[in-house]
Amino acid sequence: MSTADSMQKVLLALDWEAGPVLAPSRGTEEAEHLRRVLGDAAVRWVSGAAEQSIAALQLRVHDALAPWPLIRMFAHHALTSTLLQLAGGDGLPAAAEAIDRELAEDIVARDIPFSTVTTALRVMQREWLSLLIGAALRLGPEGVGVVPALATSVAGTMDAWIGAATDAIVEERRRVDLAEQFRFRSTIESLMAAEPLDVESATRSLRVPLNCWHVGCAIGTLPGALADRRALEAIVQSFARTVGSERTVRYESSTGTVHLWVTSDRMPRTPRAEDLTVRAALLVGIGEPHPGAAGFRRTFLEASDALRLASCLGRNGVISYSDAALAIVLSQDEERAGWFVQHELRELGGDNPEMADMRATLRTFFDTRMRIAPAAERLFLHRNTLINRLERIQGLLGHGVAERSAETQAALVLAELFTQSPSGRPLPGNGS
């Protein structure tokens, strides 16, 4: 008798006599297929063997939350597939994908290691193989001859199911990761747009307590330059280390800007320019610490504005919002900022060395609270020389320096930025 005939004899002799079994409904397509090929006894055997393998698994895996109905269904599918393959039929049934997807959802949702899943399937495989070998040996020498084929077929079928489960789990993890990334980015964008949101849900999405303190930074490059990833990562780590917290949120924009928030239970220390080593063509803008969801957005906007200012000045380095708040606010609208400088400074706003020197003199005069002696000392000028310069400046302005002093000082800040910008034009508007 051939091995195929002997195998068929073993399969036709299968039945479950160890007790009542929970058989699938007669309408199950796989069960009906198995019944047509091998008879009712094989269907009973599948149900009994599935229950025995699940009982063995439960002794090894103490998991009250495991989806045992799905595992039982999986066992029915895999055992039916095994018997049909031994009988010379097809391998994995078409319904396997749906079962794997349901199991994959539970495995991924509870973050069960794949090694645990594989071990569980191998436990079931050993139970099935033991039962089949026992059935073969009961037929005597004729059954002994099919034992190698049984072992090979059962192992091969289980390997295929493990492969299908692996693919399903990987795909489910990819789907979950994409969904989490979408929720993460949506949460960030909602916060930035000051849209109403649930703080608890946002906290889960960002994985940091939103009601704590936040300090942000924005990292970019000089226009036209490429980012050095290693240097960028060094800034990220240095920023978090200086703030003194490992709880961070990172968001990379479609334009290549890296936004980083560091969260702390208490008001954190704000890193200064000297705390960060900025190499290559990288630029860094730093916001101020602020609490809560509103603070998360505010420090982002401050860091973004500081980065914008750094980009417009055209030199790599760090700009802190606290050091440049006035310039940042004044330069939000480039066209109107240019008009303002022209209106307030008149000829004093000219782009030439003489006018630049005059503006520096006036800034120093304002810095010393409009006192002649301290200003002259700081400028290394004779008192009379400074007085003459101030008279010249008043002529250029068309009014005394004490008049419209706030407007004049603001215009001086903008003029300094414009002349430092590589283009020599007013700074661009919002955006990073």
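Colleague: How many helices and strands does the protein chain have?
Modeller: This is a predicted model, and its protein chain comes to 17 helices and six strands.

Colleague: OK, and is the chain compact or spread out?
Modeller: Spread out. The radius of gyration is 37 Å, well over the 22 Å that the globule rule gives for 432 residues, so the chain is more spread out than a compact globule. Along its principal axes, the C-alpha trace spans about 125 × 35 × 35 Å.

Colleague: What share of the residues is buried?
Modeller: Buried residues are 45% of the 432 in the chain. The accessible surface is about 22,000 Å², and 52% of that belongs to carbon and sulfur atoms.

Colleague: Charges next. How many positive and negative side chains are there?
Modeller: There are 44 positive and 53 negative ones, and the centres of the two sets lie 5 Å apart.

Colleague: Let's go inside. Which residues touch the most other members of the largest nonpolar core?
Modeller: That core has 52 residues, and the ones touching the most other members are L34, W45, I71, L83, M124, L132 and L150.

Colleague: Which helices supply at least two residues of this core?
Modeller: α1 (3-12), α2 (29-38), α3 (40-60), α4 (68-86), α5 (96-109), α6 and α8 (147-192) each do. The largest share, eleven residues, comes from α6.

Colleague: Pick L132 for me. What does it touch?
Modeller: Not counting residues up to four places away in sequence, L132 touches L14, W45, L83, L86, L150 and V154. Two of the names there, W45 and L83, are also on the list of residues touching the most other core members.

Colleague: I've been looking at V123. Where is it, and is it buried or exposed?
Modeller: V123 is in helix α6, residues 114-137. Its relative accessible area is 6%, so it counts as buried.

Colleague: What is V123 in contact with, leaving aside neighbours within four places in sequence?
Modeller: V123 is in contact with A56, L57 and R60. V123 and L57 are 66 residues apart along the chain, yet their C-alpha atoms are separated by 6.4 Å.

Colleague: And A168, where does that sit, and how far is it from V123?
Modeller: A168 lies in helix α8. A168 is buried, because its relative accessible area is 17% and the cut-off for buried is under 20%.

Colleague: What about R207, what's its phi and where is it?
Modeller: R207 has a positive phi of about 65°, although it is not a glycine. You'll find R207 in the loop between α9 (199-206) and β1 (213-221). With a relative accessible area of 66%, R207 is exposed.

Colleague: Last topic, distances across the model. How far is A280 from E32?
Modeller: C-alpha to C-alpha, A280 and E32 are 70 Å apart in space, and 248 residues apart in sequence. A280 is in the loop between β3 (258-264) and β4 (282-286), and it counts as exposed at 51% relative accessibility.

Colleague: And A406 to G163?
Modeller: Those two are 73 Å apart, C-alpha to C-alpha, and 243 residues apart in sequence. A406 lies in helix α17, residues 405-420, and counts as exposed at 52% relative accessibility.

Terms used. Residues are numbered from 1 along each chain as its sequence is written. This is a predicted model: local features need pLDDT of at least 70, side-chain atom pairs count only at pLDDT 80 or more; totals for chains, interfaces and linings use all residues. Side-chain values use heavy atoms; hydrogens and water are left out. Helices (H or I, at least four residues) and strands (E, at least two) are DSSP runs, numbered from the N terminus. Buried means under 20% relative accessible area, exposed over 50%, partly exposed in between (1.4 Å probe, protein chains only). Contact means heavy atoms within 4.5 Å. A nonpolar core is a set of buried Ala, Val, Leu, Ile, Met, Phe, Trp, Tyr and Cys residues joined through side-chain atoms within 4.5 Å. The radius of gyration is taken over C-alpha atoms; the globule rule is 2.2 Å times the number of residues to the power 0.38. Accessible areas come from the Shrake-Rupley method with a 1.4 Å probe; for residues, only the protein chains shown count as cover. Lys and Arg count as positive and Asp and Glu as negative; His and the chain ends are not counted. The place of a charge is taken as NZ of Lys, CZ of Arg, CG of Asp or CD of Glu.
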